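Morning, everyone. Please have a look at the structure on the screen, and I will walk you through it.

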Amino acid sequence: MNENILDMEIDDYESYYEMAQVKWGFMSIKLAVYGKEGKYPHFHFYKECAPEKGIPEEKKASGGCLCIESANYFIHGTHTEKMNPKEIDGLIAFLRKKNRTFTSITNWEYIVGQWNDNNPDQKQLPVNIDIPDYRSDMNTIQEDKRKNK
């Protein structure tokens, strides 16, 4: 019986680290990095979120994604939204700011670190990778759903 409790606690612990939210956000937009997300390093964004709260459960099935290594949207599953030019400007400013919890790094460095930590079996990125030249009219990369990727 103790083994079952231990297994449950480990599963809960792993689930906790499958999503890392970047606290506070900008312009009612929240950012998050998930684990087990495939071969394209990316982060999620969710619009119309209350600044003082987390990402509402009903929002997690929508939103959009941005690639970390290149200026591209990443379309996978139901995450298909895009940002307008004003939102992109807000995003860039937010990414360049110091993280409010880990004040020695920027929000961008936090995102890259969270990708590396939560996706250890995928490509690992240097924390000092440059922020891509994100634009509202960027091209998209589509998730490859073939079994033999």
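Let's start with helix α3. At 1.5 Å a residue, its twelve residues should span 16 Å, and its end C-alpha atoms are 16 Å apart, so the two agree. The expected span here is 1.5 Å times one less than the number of residues in the helix. Helices are DSSP runs of H or I with at least four residues, strands are runs of E with at least two, and both are numbered from the N terminus.

A word on the source. This is a predicted model: local features need pLDDT of at least 70, side-chain atom pairs count only at pLDDT 80 or more, and totals for chains, interfaces and linings use all residues. Residues are numbered from 1 along each chain as its sequence is written, and side-chain values use heavy atoms, with hydrogens and water left out.

Back to α3. Is it mostly covered or uncovered? Mostly covered: ten of its twelve residues are buried. Buried means under 20% relative accessible area, exposed means over 50%, and partly exposed is in between, with a 1.4 Å probe and protein chains only. Among the buried residues of α3 are W108, Y110, I111 and W115. Across the 149 residues of the protein, 41% count as buried.

Now the overall layout. The protein has three helices and six strands. From the N terminus on, the order is α-β-β-β-β-β-α-α-β. Contact means heavy atoms within 4.5 Å. Take the contacts with a separation of 6 or more: residues 24 or more positions apart account for 56% of them.

Next, the inside. A nonpolar core is a set of buried Ala, Val, Leu, Ile, Met, Phe, Trp, Tyr and Cys residues joined through side-chain atoms within 4.5 Å. The largest one has 26 residues. Which of them have the most contacts inside it? They are L31, F43, L66, M83, L91 and Y134. The elements giving two or more residues to this core are β1 (19-26), β2 (29-34), β3 (42-46), α2 (85-96) and α3 (107-118). There is also a second, separate core of five residues, and A32, Y34, Y46 and C49 are included in it.

Pick out L31. Leave aside residues up to four places away in sequence. L31 then touches, among others, V22, F26, F43, I55, L91, F94 and I111.

Now find C67, in strand β4 (residues 64-67). C67 counts as buried, at 3% relative accessibility. Neighbours within four places aside, C67 is in contact with P41, H42, N72, Y73, F74, P132, Y134 and I141.

On to the rings. Rings of Phe, Tyr and Trp (its six-membered ring) pair if their centres lie within 6.5 Å; planes under 30 degrees apart count as stacked, over 60 as edge-to-face, and the rest as tilted. How many aromatic pairs does the structure hold? Six. One is F102 with Y110: it is stacked, at 5.8 Å centre to centre and 20° between the planes. F102 is partly exposed, at 44%. Y110 is buried, at 14%. Ring pairs also link F43, W108 and Y134 into a cluster.

One ring has a charge over it. That call needs NZ of Lys or CZ of Arg within 6 Å of the ring centre and within 35 degrees of the ring normal. Here R100 lies over the face of W24, at 4.0 Å from the ring centre.

Last, the salt bridges. A salt bridge is a side-chain nitrogen of Lys or Arg within 4 Å of a carboxyl oxygen of Asp or Glu. The structure holds five. In one of them, K59 meets E48, with the closest N and O atoms 3.8 Å apart. Both residues lie in the loop between β3 and β4, so the pair ties together parts eleven residues apart in sequence. E48 counts as exposed, at 67%.

E69 and K123 form another, at 2.7 Å, N to O. This pair links distant parts of the chain: E69 is in the loop between β4 and β5 (72-75), K123 in the loop between α3 and β6 (139-142), and they are 54 residues apart. E69 is partly exposed, at 36%. K123 is partly exposed too, at 46%.

A further bridge joins E57 and K60, at 3.4 Å, N to O. E57 counts as exposed, at 58%, and K60 as partly exposed, at 25%. That is my tour. Thank you.
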